[in-house]
Structures are given as structure tokens and as C-alpha cells.
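Please look over the sequence and the model below.

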Amino acid sequence: MPKVTQQHMDARREQILDAARRCFLRDGFHSTSMQDLFAEARLSAGAVYRHFTSKDEMILAIAEENMRDVLDVTLAVATNRQGQSIGAVMAELLEVVRAKSAEEDLAGLAVLVWGEAMRNRSLARKLDHLMGRIRANLIILVRDHQEHGDLPANVTAEAIASTMLSVLPGYILQLALLDPPVVAEVPDAVRALWPGTAGER
């Protein structure tokens with residue numbers, strides 16, 4: 001029997017998740033059955049269950065993938081701290097979200113996931129963990145700016161990071177519900193609102 005490579009396994013997993021995204025966006029989480037997912041992926045039940053034991057596992061995987069790029073951006077900024085303004089960092093996050101929404105409707109899926117998290121405690125805990133990691137990276141950036149006088153020191157870095165993070169779901173919601181041109185200039189507006197950089201001493 002030929003050995004199945006990791007590359008093949010990864011490609012099959014992504015095939016299943018792509019099918020799940022299409023089904024969930026078309027019919028919602030609860031109206032999508034496992035049979036629907038098998039048909040959409042054009043795979044047998046066994047092939048799908050080899051990767052995911054339930055729809056909940058697929059939803060968790062999609063939520064994690066949706067936030068991975070955003071987490072990567074904040075981690076890179078927190079690690080390197082190369083004098084980027086707060087506005088530039090936020091604009092980069094929004095542009096990552098916009099690009100992923102154009103590719104695979106991240107915004108629409110995110111809204112569905114948020115609704116599902118209200119009843120699914122496992123999903124809610126996963127989202128809380130991911131958002132906590134993003135917030136922790138932003139706190140590092142905010143403290144750097146506070147130390148150099150670019151942000152007020154009479155407000156905690158935690159509160160400022162949470163405020164910055166509040167921009168993200170609002171932007172995602174607008175991407176999901178409104179025509180793209182309506183929010184096309186939001187990244188530029190964020191850059192203009194927070195122009196100072198920790199490198200401008």
C-alpha cells in the first residue's frame with residue numbers, strides 16, 4: 001500500500017475546509033449536514049472523518065485559519081518593532097483582512113463564527129485564546145510607543161490595545177454587509193488618525 005505523504009494530507013484537509021466554507025456561507029452552520037459536506041468536497045465519509053470528526057471541528061479550524069494571518073502580522077510587529085506607527089500597523093491588519101475576504105470571504109465566515117460562538121463554548125474559548133494572543137502582541141507595541149511619548153501614558157497599554165482591536169470586528173462586519181467601495185479608504189483613514197511612530201523621537 002503506497003504511503004500517504006503529509007503534502008497529500010494537507011491538500012486533502014484544505015479541500016475539505018474549502019468545501020465547508022462554501023457550504024457554511026451558502027446554507028449556514030446548522031442547515032449544513034455532514035452529507036452536504038461530503039458531497040461538496042466530493043469525498044467519502046471516511047476520507048472526511050479522517051481529518052475532522054464533526055462540523056464543530058471544521059468551524060474551529062476555519063476560525064483559526066481566519067485569524068492566523070492577523071496574528072502573524074501582530075507577532076511580526078511586536079517582535080521587530082521597527083518604528084511603525086499604530087495607524088500603519090492597524091492599516092496592515094485591515095488590508096490582510098480585506099485580501100482574505102476577497103479570496104475566501106473571511107468577513108462573511110467571521111460573522112457566522114461569531115454567532116456560533118454565542119452557543120458553542122468550545123469555539124468561544126478558542127476565539128478568546130486567539131484574540132488574547134493578538135491583544136498581547138498589540139500591548140507590546142503600545143508600550144513601546146508609550147515609552148517614547150507617542151501615546152498617552154495615563155491610559156493602560158491593555159486598554160489602548162483593546163481599543164485598537166475593537167476596530168477590527170467593526171471593519172469585518174462592514175466588509176461582510178456593505179459594498180467594498182464603502183470601506184475601501186478605511187486603512188488610509190486609520191493611518192491618518194494614528195500617524196505617530198515610535199521611531200520619531
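Start with arginine 21, which has a relative accessible area of 3%. Because buried means under 20%, arginine 21 counts as buried. Keep in mind that this is a predicted model.

Which residues does arginine 21 pair with? One partner is aspartate 18: the two side chains form a salt bridge, with N and O 2.7 Å apart. Both residues belong to helix H1 and are three residues apart, about one turn of the helix. Aspartate 18 has a relative accessible area of 32% and is therefore partly exposed.

Glutamate 104 also forms a salt bridge with arginine 21, and here the closest N and O atoms are 4.0 Å apart. This pair links distant parts of the chain, since arginine 21 is in helix H1 and glutamate 104 is in helix H5, 83 residues apart. Glutamate 104 is partly exposed, at a relative accessible area of 23%.

In the whole structure, the search finds 14 salt bridges.

Another salt bridge joins the side chains of glutamate 40 and arginine 22, at 2.8 Å from N to O. It too links distant parts of the chain: glutamate 40 lies in helix H2 and arginine 22 in helix H1, 18 residues apart. Glutamate 40 is partly exposed, with 23% relative accessibility, and arginine 22 is partly exposed as well, with a relative accessible area of 40%.

Now turn from charged pairs to nonpolar residues. The largest nonpolar core has 59 residues, and Phe24, Met58, Val97 and Val142 have the most contacts inside it. Two or more residues each come from helix H1 (6-27), H2, helix H3 (45-49), H4, helix H5 (86-104), helix H6 (106-117), helix H7 (121-147) and helix H8 (157-177). H4 gives the largest share of this core, 10 residues.

What does phenylalanine 24 touch? Leaving out residues up to four places away in sequence, its contacts are Phe29, Thr32, Lys55, Met58, Ile59, Ile62, Leu109 and Leu112.

How confident is the prediction? The chain has a mean pLDDT of 89, and 95% of its residues reach 70 or more.

How values were computed:
Residues numbered from 1 in each chain as written. Predicted model: local features only at pLDDT ≥ 70, side-chain atom pairs only at ≥ 80, totals over all residues. Heavy atoms only, no water. pLDDT = per-residue confidence, 0-100. Core = buried A, V, L, I, M, F, W, Y, C linked by side-chain atoms within 4.5 Å. Buried < 20%, exposed > 50% of the residue type's maximum accessible area, 1.4 Å probe, protein only. Helix = DSSP H or I, 4+ residues; strand = E, 2+ residues; numbered from the N terminus. Contact = heavy atoms within 4.5 Å.
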